[in-house]
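Subject: Structure handover

Hello,

Here is the structure I promised to pass on. Please open it and keep it beside this message as you read.

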Amino acid sequence: MSVSDPLLKEIKGYAQQLLAVEGPITDTNEYVTKFCECLEKIFQQGLSCVNYSPMTFRPSGIWDWLELMADNRMGETYSYQMAVNNVKECTKVKKNIGRARLLIRTCLVKKCLHVPVHNYLMFTDWKHVFSSQSILGDDILCQILYSVLLWVGRLNFALDLNNSRFLDSTWDLPVTNKIELVPCKKMGITVIFVEGKAICFDIQKNSVAAEDDAVEIGDIIDELNGNVITTSSQGTLNNLMRKTAGFPISIYLIKAKWKNNLFPPMVPLLIAAKIDISAIRQKQLTEIDTKSLIKQEMAKSSITFIGHISTGSLGDVKQIAAGINQILSGKGNQIDSLVTFECLDLGVKVTEKADTKVILKHSYMEISSCGCAVDIPYYFAYIASDGLCSQSDSFVCYVFHCNVQTEIDTILNSIGQGFKRTHYVV
């Protein structure tokens with residue numbers, strides 16, 4: 001075999017792309033999956049059988065070989081052994097091909113992907129496992145592969161190892177979302193189990209799960225309060241809820257929506273659950289169109305922090321128009337700086353565009369009101385205190401200008417929702 005084997009050349013190219021990344025490498029990097037797929041092909045190439053004892057041979061896939069390379073006789077392979085054990089304990093993968101894929105991803109995170117190849121090179125007892133026409137069956141090519149995996153082992157991979165439910169069938173990863181719902185007795189979700197997966201069949205209006213479309217019909221509840229949901233969980237979901245009564249509810253969701261379509265392996269599951277796929281797809285297309293329109297408008301917009309002025313002990317919405325008018329008449333502290341306005345989970349953050357310096361940061365618990373003046377378009381403001389607004393007698397009105405009205409509406413709605421959400425949690 002030539003030292004320019006196509007698969008070896010391919011994986012070296014993907015490794016070089018990963019080595020060029022600054023900071024942690026996540027699942028959003030397209031070369032992660034390409035690298036893993038290529039490595040799987042290399043491990044499958046020329047694989048014949050595994051020798052479990054001098055008298056026992058049996059045909060095998062790559063999982064059996066990778067598991068064998070965690071043998072205690074190999075020496076210092078603790079991180080790799082732990083990775084293999086973690087995969088064995090994972091109930092989300094059922095097939096050996098899924099276990100092998102999860103192990104490859106786990107080894108990237110634990111920086112031990114080179115270990116099975118190293119152990120294979122060190123111990124000649126298993127040299128017959130791969131044919132001489134494969135990369136692993138050729139000493140020179142195997143050494144080159146080992147050096148590539150050593151390079152990759154220096155990188156910081158921050159992969160979501162919980163996202164493994166569909167590795168039995170594909171390397172493609174669905175979109176996942178980890179959310180927390182406020183403490184409640186019922187989430188308002190009806191699920192139906194198909195092939196061991198809890199699919200959201202119905203969501204009650206005005207329930208905690210329905211707020212902001214946190215959970216949608218067709219989504220899979222993969223984990224609930226840290227517990228993996230499988231077929232054995234049928235009839236026990238209410239018990240899981242009762243065990244954490246009074247605490248926020250943590251849900252790890254697998255979304256039906258994927259890129260600009262539905263996640264292909266989920267389509268037959270949704271059909272089996274008798275869920276209207278066309279309704280999910282139509283909602284997705286509407287969201288895509290809305291996001292596209294918002295992006296176009298935001299590209300045209302700019303936000304200016306005009307200034308701020310004290311409103312004394314008054315922080316109600318009636319002070320908004322007065323605060324805007326006072327700033328525009330030259331009173332208060334004049335700023336006039338281009339900024340980025342962010343509505344985060346727990347509060348708002350205002351950053352200067354010029355040097356990305358944070359100039360304002362308030363939690364929703366500190367914000368007493370927000371709004372705009374009807375007779376003065378494109379100006380808006382919020383009033384906040386230095387502490388909890390319910391316990392403060394000193395408020396400041398922060399005034400902004402934006403040339404796109406829909407963005408002003410989005411910001412004010414986001415502040416209002418955040419205000420209600422954080423107060424409801426408390």
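Below is what was found, starting with the whole chain and ending with single residues.

**The whole chain**

Keep in mind that this is a predicted model. The chain has twelve helices and 17 strands. Its radius of gyration is 28 Å, well over the 22 Å that the globule rule gives for 426 residues, so the chain is more spread out than a compact globule. Its C-alpha atoms fill a box of roughly 90 × 50 × 40 Å along the principal axes.

How much of the chain counts as buried? The share is 45% of the 426 residues. Contacts across the sequence are also worth a look. Take the contacts with a separation of 6 or more: 64% of them join residues 24 or more positions apart.

Start with helix 2 (residues 30-44) and helix 5 (residues 96-110). Their axes are 11 Å apart, and the packing angle is about 120°. The crossing is right-handed. On the helix 2 side, the contact uses Phe35, Cys36, Leu39, Glu40, Phe43 and Gln44. On the helix 5 side, it uses Ile97, Arg101, Ile104, Arg105 and Leu108. By class, the residues of this contact are seven nonpolar, one polar and three charged.

Helix 5 also meets helix 4 (residues 78-89). Here the axes come within 9 Å and cross at roughly 140°. Helix 4 and helix 5 are therefore oblique to each other. This crossing is right-handed. Helix 4 brings Ser79, Tyr80, Ala83, Val84, Asn86 and Val87 to the contact. Helix 5 brings Arg99, Leu102, Leu103, Thr106, Cys107 and Lys110. The classes are seven nonpolar, three polar and two charged residues.

Now turn to helix 6 (residues 115-122) and helix 7 (residues 139-152). Their axes come within 9 Å and cross at roughly 150°. How do these two helices run, roughly parallel or roughly antiparallel? Angles over 145 degrees count as roughly antiparallel, and helix 6 and helix 7 are therefore roughly antiparallel to each other. Their crossing is left-handed. Val117, His118, Tyr120 and Leu121 of helix 6 make the contact with Cys142, Gln143, Leu145, Tyr146 and Leu149 of helix 7. This contact has seven nonpolar and two polar residues, and no charged ones.

**Two buried residues**

Find Ile251 in strand 8. Its relative accessibility is 0%, so Ile251 counts as buried. Which residues does Ile251 touch, leaving out those up to four places away in sequence? They are Asn177, Lys178, Ile179, Leu181, Met187, Ile221, Glu223 and Leu224. Look at Leu224 again. Leu224 and Ile251 are 27 residues apart along the chain, yet their C-alpha atoms are separated by 4.8 Å.

Next, Lys255. This lysine lies in the loop between strand 8 (249-254) and strand 9 (257-258). Is Lys255 buried or exposed? Buried means under 20% relative accessible area. Lys255 has 10% relative accessibility, so Lys255 counts as buried. With residues up to four places away left out, Lys255 touches Val175, Asp213, Ala214, Glu216, Asp219 and Met266. Arg242 is 13 residues from Lys255 along the chain, and their C-alpha atoms are separated by 25 Å.

**Two exposed residues with positive phi**

Asn206 is not a glycine, yet its phi is positive, at about 65°. Asn206 sits in the loop between strand 5 (197-203) and strand 6 (220-224). Its relative accessible area is 82%, so Asn206 is exposed.

Lys274 also has a positive phi without being a glycine, with a value near 60°. Where is Lys274? Look in the loop between helix 9 (267-272) and helix 10 (277-300). The relative accessible area of Lys274 is 74%, so Lys274 is exposed.

Best wishes

Technical notes: Residues are numbered from 1 along each chain as its sequence is written. This is a predicted model: local features need pLDDT of at least 70, side-chain atom pairs count only at pLDDT 80 or more; totals for chains, interfaces and linings use all residues. Side-chain values use heavy atoms; hydrogens and water are left out. Axes are lines fitted to C-alpha atoms, for helices over the stretch in contact, and angles run from 0 to 180 degrees between N-to-C directions. Helices (H or I, at least four residues) and strands (E, at least two) are DSSP runs, numbered from the N terminus. A crossing is left-handed if the near helix is turned anticlockwise from the far one by less than a right angle, and right-handed if clockwise. Contact means heavy atoms within 4.5 Å. Ala, Val, Leu, Ile, Met, Phe, Trp, Tyr, Cys and Pro count as nonpolar, Asp, Glu, Lys and Arg as charged, and the others, Gly among them, as polar. The radius of gyration is taken over C-alpha atoms; the globule rule is 2.2 Å times the number of residues to the power 0.38. Buried means under 20% relative accessible area, exposed over 50%, partly exposed in between (1.4 Å probe, protein chains only). Angles under 35 degrees count as roughly parallel, over 145 as roughly antiparallel, 65 to 115 as roughly perpendicular and the rest as oblique.
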